[in-house]
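Me: Please show me the structure, so that I may ask about its parts in turn.

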Amino acid sequence: MTANDFNHKVVLVTGAASGIGREAARAFAARGALVYAADLNEHGLAETVDLIAELGGKARALPLDVGNEQDVAGAVAQIGREAGALHVAFNNAGITGQAHRIEDYPTADFDRVIAINLRSVFLGMKHQLPLLRQSGGGAIVNTASVAALTGPGGMSAYAASKHGVHGLTRVAAMENAAHQVRVNALAPGWTETPMVAAASAQNPAFAALAANAIPAKRGAHPGEIAAAAVWLASDAASYVMGQMLVVDGGMTIGGFEI
Ligand code: NAD
C-alpha cells in the first residue's frame, strides 16, 4: 500500500456527510482518489467536501436519497459522464431505526429501515456494477454491522437489514468474482460517530455499560472503521471476495474472560 494508491481512481462513498462515511471519504481522498461524496444531508456534504479540499484532496458533493432508485441511477450516470469511470463504491449510508420488541414494531418503520439499509445496497450495486465493469473492474464495500451476526433485542429491522446486506454482498461477490469486481462487507461494532456520541452524552450510564461489554473497553473511532473500508477497497485486498470484515474491538468474540 502506498500513500497515493488511489491516484486516478474514482470512488463513491454514501453516507459521506457524517461519521464513518465522512472519515472514509477523507481517507480515500488522502490517498489520491477523486471522491464523490453522497448523502441526503447537503450541509454535512458541503462540510465533508470542504474538509477534503483543505487537505488538498478532490471531492464532489452528490446529494441523493439512497432509497430512491432514480437518485441512485442518476448519481451513477453523473459519475460516468463527469469522471468517465467508477473504481470503488462504498455503500455505507444507513439508519438505526427505532427500538421496539417485534410485536410492537411499527410496520411502516420496519419497511423504512429495510428500504434505507438493505434495498439501497441492492439499488446501489445494481447501478454501480455496469460502470465498475466498464471501468476495468474495481471493488464494492457494503456497510453491515455486528448486528449482521447477532440478535440485538429491540432492533429487528436493523438486524434484519444488516443480515440482508451480508447475504446480498455474498451473492454480488459470487456473480462478479470473475469480472474483476470484488465485493465485500464491513461490520463495525460500537463506533463513536456523532449520533452515538450524542446518545452516550444523554445516557452516560448506558454508554458506560456498553463500553464495558466491549472487550477493548471503548468504542471505535470512525477513522478505525474507515481504514478497514479503504483496505477492503484497495489492491492489498485483491484476493478477498464475499467476506464480511468485523471491526468491533472484540465485541463478537463470544465466550468470556476469566
Ligand atoms: P451517521 O449517522 O454518522 O452517518 C450516516 C449517514 O447516512 C448520515 O450522513 C445520513 O445523512 C446518511 N443517510 C441516512 N439516510 C440516508 C438516505 N436515505 N440517503 C442518503 N444518505 C442517508 O452514522 P454512521 O455511524 O457513520 O453510520 C454509517 C453506517 O455504519 C450505517 O450503515 C450504520 O448502520 C453502520 N454502523 C454504524 C455503527 C455505529 O456504532 N456507529 C455500528 C455498526 C454499523
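Reply: At 12% relative accessibility, His87 counts as buried, where buried means under 20% relative accessible area, exposed over 50% and partly exposed in between, with a 1.4 Å probe and protein chains only. This is a predicted model, in which local features need pLDDT of at least 70, side-chain atom pairs count only at pLDDT 80 or more, and totals for chains, interfaces and linings use all residues. Residues are numbered from 1 along each chain as its sequence is written, and side-chain values use heavy atoms, with hydrogens and water left out.

Me: Where does His87 lie?

Reply: Contact means heavy atoms within 4.5 Å. Leaving aside neighbours within four places in sequence, His87 is in contact with His8, Lys9, Val10, Leu132, Ser135, Gly137, Gly138 and Ala139. Helices (H or I, at least four residues) and strands (E, at least two) are DSSP runs, numbered from the N terminus. In these terms, His87 lies in the loop between α3 and β4.

Me: In what order do the 7 strands form the open sheet?

Reply: Two strands pair if DSSP finds at least two bridges between them, and the pairing in this sheet is parallel. The edge strands, each pairing on one side only, are β3 (58-63) and β7 (244-247). The order is β3-β2-β1-β4-β5-β6-β7.

Me: How many bridges join β1 to β2?

Reply: On its β4 side (residues 88-91), β1 pairs in the parallel sense over 3 bridges, and there Leu12 has Ala89 as its bridge partner. Towards β2, Thr14 stands opposite Ala38. β1 and β2 also run parallel, and the number of bridges joining them is 5.

Me: Which residues of β1 are buried on each side?

Reply: In a regular strand the side chains alternate between the two faces of the sheet. β1 is mostly covered, with 5 of its 5 residues buried. Both faces are covered: the buried residues are Val11 and Val13 on one side, and on the other Val10, Leu12 and Thr14.

Me: Is Thr48 buried or exposed?

Reply: Thr48 has its place in helix α2 (residues 42-54). Not counting residues up to four places away in sequence, Thr48 touches Ala16, Ala17, Arg22 and Ala25. Because its relative accessibility is 0%, Thr48 counts as buried.

Me: Which element gives the largest share of the lining of the largest cavity?

Reply: On a 1 Å grid over the protein atoms alone, a cavity is a set of points where a 1.4 Å probe fits but cannot get out, a pocket is an open set with protein on both sides within 12 Å along at least five of seven lines, and lining residues have an atom within 4 Å of a point. The largest cavity is lined by 14 residues, with Thr14, Val66, Asn91, Gly124 and Gln128 nearest its centre. At least two lining residues each come from β1 (10-14), α3 (69-83) and α4 (107-134). The largest share, 4 residues, comes from α4.

Me: What is the volume of the largest pocket?

Reply: The largest pocket is lined by 47 residues, of which Thr96, Tyr158, Thr193, Met195 and Val196 lie nearest its centre. Its largest share of lining, 6 residues, comes from α6. A volume is the space filled by probe spheres set on the grid points, which are joined across faces, edges and corners. For the largest pocket, the volume is about 1500 Å³.
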